[in-house]
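Hello,

Here is the structure for you to look over. My notes on it follow below.

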Amino acid sequence: MEIQILFFIIILVNISCVVTEMSLRFVIITENHETDLPQQIGSAIKQTEERKPGLIISDDVIQLDRENEEDSYRQLCSSLSQGVSVIVDLSWSPWEMAEELSSSAGVPIVRSLLGSQQFIEALDSYLESRNATDAAIILESEMDVDRTLYELLGRSHVRVWVHAGLTRDSAKALKNMRPEPSFYIIVGTSTFVTATYKRAVKEKLVKRSYRWNLVITNYGNIDTDMLVLPTFVLQSDVAECCKLLGLNEKCNCAMSFQKKQYIINNMVYYIAETLLKLDTDKLVSINCESSSGEMNATKEKFNQILEEDTTNNDTLFFWDSERYGLFLRSRFILSTFKPEDGLQRVAVWSAGEEYKLLPGVVLEPLRDFFRIGTSAAVPWTLPKYDPETGEQIFTENGEPVYEGYCIDLIDKIADEMGFDYEIVTPKSGTFGKRLPNGSWDGIVGDLMTGETDIAVAALTMTAEREEVVDFVAPYFEQTGILIVIRKPIRKTSLFKFMTVLRTEVWLSIVAALLLTGFMIWFLEKYSPYSARNNPDAYPYPCREFTLKESFWFALTSFTPQGGGEAPKALSGRTLVAAYWLFVVLMLATFTANLAAFLTVERMQTPVSSLEQLARQSRINYTVVESSTIHKYFINMKFAEDTLYRVWKEITLNATSDQSQYRVWDYPIREQYGHILLAINASGPVPDAKTGFEQVNEHPEADFAFIHDSAEIKYEITRNCNITEVGEVFAEQPYAIAVQQGSRLQEDLSRTLLDLQKERFLEQLSTKYWNESARQACPDADESEGITLESLGGVFIATLFGLGLAMLTLAWEVFYYKRKQKNKVQTVDATVEKREAFVEPKKKSRKVAESLSKLRRRNKKTSNIVKNVTIGDYFKPADKGVSYISVYPKSTYMP
């Protein structure tokens, strides 16, 4: 009897225990990669059971295999058939099969995030506010990479590159990524973020302000001293750690804090507590094949309780009804770091809320960054050299620094459009040509592959290039092909003016002068009407035309002042008139020929056009090998051959009218074939520098260089020895190129139009093609006067005359003194000593005749008292004396 009573008591105790216990069953979905998660879930369930006495929670973890979802679904259905209270989805992305099953069967389902997904979502909101188009995200592990990709796919508009960790290879991949990411993001614990950022600095990836964003997923801090440029830092509030621990907001969160475990602990406890509020412990078995909403009422009530309980912002979790998610209510803090200001908060918001800045905070607009391709060309893109040392300048990364027209244009466009840039030169090729395999090299190839975003160079617009890239409106429309040649060195001579007339002409002039002088003397001597032979007809003193005086008259007649007094006889005047006419004609002829000779010499050039260059054979010429100019002549030669072949087919066709088409009447002048042959004979040069050097080495102007007109004009401003020939031909504009379909095309076109209105492009042209620099050349002005070297002989002749005059003066002084000395000696020897008042001897007959002539001439003229020379002194002459003859001098005694 006692045994039966004891057995009955035991049964009653067991029944009472069963009545007081509450049973729940969780079906939890996880990713099959997270092998440690089942153990953490088990630990969380055990902790919940300890906190809730009488609560028994059973669980079944379904590891989702994304590559074989059918097997995972069968496992889920098998688990649900054993009864379920709630489905907890901890996978990286919502599993559609589970959601459909939950919807059809009415099983409550709760999604939650245990990793860095909420930080990624918060970061995505910030990036979209900054109009980011792409970003590179560096995470701690491969699982974090997958978790992040599942979070962003289908939800973010930002193009991302995701990688686990930063190694030397991944850093190299980041450097070579095209287009270059607008933002770089490091996501992980504070220790990982610090180490990765330092590695990025070491690999020279940190180059621009505010482009690196540090996302700290734990509750640690980073050392701001390691930050080299302004940076954004995103982290959660430390108070969240205290809430997870169930402590007050002033607790200390250890670095070893297991955030994921505590989220699971609190979430399991919170879900269990909500299920207990439903006042039902009934486990419902679900048949996946015939589910009919058995738990719809439970699901609706469950969701309603969660939504009501999480309305308060102070709760640890919040309910997202659209995603059936129970997420941690993280409080995000976005700070900006500047070396001078340190960390400063700019935005604070909670998960589930919209990103917004703090009141009064305005972030600096981020400048776009573009890689701009260019290729070396004079004067468009030139390597920059140190003016002091003459060495080429390089950047910190070892890249060469450039200057030139295109660099100045890039600077101006970047300033107008507000972007930063990096100059990139092609690794192969120059401006771009199509390769046999269909690809392109050079600048065009870099645009096609995304290596560059914009191309600003001496790039011509061609139909082939327009098939693969887009061009903006031309920025330079005056380029083409031009010929450059050495300025002929004019042979200078001091007596260059003498070369105007030939030697025989000069000899004829001298002969005419001598003959005229002799004839003047001859006519003066033998003409009865000359002043010498007819003194009565000329009562005044007249010029006596001796032989010497006649030659002097003929010579001075060539001067503007004339020859002086002319002969009196009619025959002499006739001769002089004819001679003067001769002098006038000769002077006019010499002056006109001298002016024409010097003018033509200054204006003379060996050739003046491409046609003349092709028709002559004295001047050799060349081009740069395989350049666009070389290809131009090859193409034109091919065009000439094609046209001639077509013409020959027309003329030789029997059906054509032979009177209209004849082979020998070919209407096109073939010149490009001759030009190409001459170029090949001279040999194309490897570069433009060699071409200009060869031109400069030919002072006889017998070598020409055919090249780009812009480069030739630039070189002419820097080299006084060369000059351009003819007009620019084969003109083509230079334009900026972008990738096909690029949004930059319209912005660049608008900016270029604005620069044209501001005349900025004209200023650049004036800067690099400075014509005023030619003024420094010694012969820059072709209209200048005749040089001293050309007419130096005139001055030499004058100086020679001056020297001859001084020598003549010395001879005259010497002769005069010698004559005076001889005269004194003769007087002393012949003078007779006479007494006073002795009557002198009678004058000789010759002296008497001379005195008689003078007396007769004096009677016809007015009586004028004159000073006459008597001996060595001037004495007033008596009124009765008109002339005193001193002839013969040997008989004169003072």
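R465 touches F431, G432, W440, V444, L459, T460 and F471, leaving out residues up to four places away in sequence. Contact here means heavy atoms within 4.5 Å. This is a predicted model: local features need pLDDT of at least 70, side-chain atom pairs count only at pLDDT 80 or more, and totals for chains, interfaces and linings use all residues. Residues are numbered from 1 along each chain as its sequence is written, and side-chain values use heavy atoms, without hydrogens and water.

R465 sits in helix α14 (a DSSP run of H or I, at least four residues; strands are E, at least two; both are numbered from the N terminus). R465 is buried, at 9% relative accessible area (buried is under 20%, with a 1.4 Å probe and protein chains only).

T460 lies in the loop between β18 (454–455) and α14. T460 is buried too, with a relative accessible area of 14%. Beyond its neighbours within four places in sequence, T460 contacts R465, F471, Q732, P733 and Y734.

UniProt, in an unreviewed entry, places the feature "binding site" at T460, R465 and D708. The lining of the largest pocket includes T460, R465 and D708. Such annotations may be inferred rather than shown by experiment.

The largest pocket is lined by 50 residues (a pocket is an open set of points on a 1 Å grid, with protein on both sides within 12 Å along at least five of seven lines; lining residues have an atom within 4 Å of a point). F431, S627, T628, I629 and H707 lie nearest its centre. Helix α19 gives the largest share of the lining, five residues.

Best wishes

Definitions and conventions
On a 1 Å grid over the protein atoms alone, a cavity is a set of points where a 1.4 Å probe fits but cannot get out, and a pocket is an open set with protein on both sides within 12 Å along at least five of seven lines; lining residues have an atom within 4 Å of a point. Buried means under 20% relative accessible area, exposed over 50%, partly exposed in between (1.4 Å probe, protein chains only).
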